[in-house]
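Me: I'd like to go through this fold with you, a bit at a time. Can you take my questions as they come?

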Amino acid sequence: MAKQAASSLPPLLELGFIEDLEGDLMEEGAESGWAEARTSCDHLASLSSDLFHIPTPDTLCNRCEHPRENWLCLHCKDVLCSRFVNKHMLQHFQQTGHCLALSYSDLSVWCFSCDSYLDAQVILKLRPVYETAYVIKFGVAPPFRSVENSNVQDAGAEAGSSGG
Ligand SMILES: [Zn+2]
Ligand SMILES: [Zn+2]
Ligand SMILES: [Zn+2]
């Protein structure tokens, strides 16, 4: 009566559980290439009334004459250097309360009071100056994101304009 040796079980059986790896998309909807910017700001009331005439992007800092990547105060159109240079825009905000500034470096709009970037393409009050600065800097109109659906319908029946 020889007892048969217990059949050897596959040793890896307990490792055989399979976890469902699907459905782990956590970053869904994250927009790429655009820094998080506010789409509203409570400090737009005191914007300059004439933002169609602004200094050129190569305007020197009015305090230290730093030549590049300065900021434009959107309240009084003063041009001042960034916090990474001599902080004259920051000092201007602290002295005057002018909190909205447009960067001549990348045309982003910063609100010191909100402590955040503002989306100049969404906030309608900022679009004109953004557009003006863009045209001055690049010579062409900015490529605004198309919000409205442009219904391009091909006109089938051409109305022959035979007038005289
Ligand atoms: Zn300066
Ligand atoms: Zn100002
Ligand atoms: Zn603000």
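**Around the core**

Me: Which residues is leucine 102 in contact with, leaving aside its neighbours within four places in sequence?
Reply: This is a predicted model, where local features need pLDDT of at least 70, side-chain atom pairs count only at pLDDT 80 or more, and totals for chains, interfaces and linings use all residues. Residues are numbered from 1 along each chain as its sequence is written, with chains lettered from A and ligands numbered from 1 in the order in which they are written. Contact is taken as C-beta atoms, placed from the backbone, lying within 7 Å. With that, leucine 102 touches Trp71, Leu72, Leu74, Leu107, Val109, Val129 and Ala133.

Me: How many residues does the largest nonpolar core have?
Reply: Such a core is a set of buried Ala, Val, Leu, Ile, Met, Phe, Trp, Tyr and Cys residues joined through C-beta atoms within 7 Å. Buried means 20 or more other C-beta atoms within 10 Å of a residue's own, exposed 12 or fewer, partly exposed in between, with C-beta atoms placed from the backbone. Leu102 is among the residues with the most contacts inside the core, and the core's size is 27 residues.

Me: Why do the buried residues of helix 1 line one face of the helix?
Reply: The buried ones are His88, Met89, His92 and Phe93. An α-helix has 3.6 residues a turn, so residues three or four places apart point the same way. Taking directions from the helix axis to the C-beta atoms, the buried residues of helix 1 line one face because they fall within an arc of 145°.

Me: Is glutamine 91 buried, partly exposed or exposed?
Reply: Glutamine 91 belongs to helix 1 (residues 88-96). Because 14 other C-beta atoms lie within 10 Å, glutamine 91 counts as partly exposed.

Key:
Helices (H or I, at least four residues) and strands (E, at least two) are DSSP runs, numbered from the N terminus. Two residues are in contact if their C-beta atoms, placed from the backbone, lie within 7 Å.
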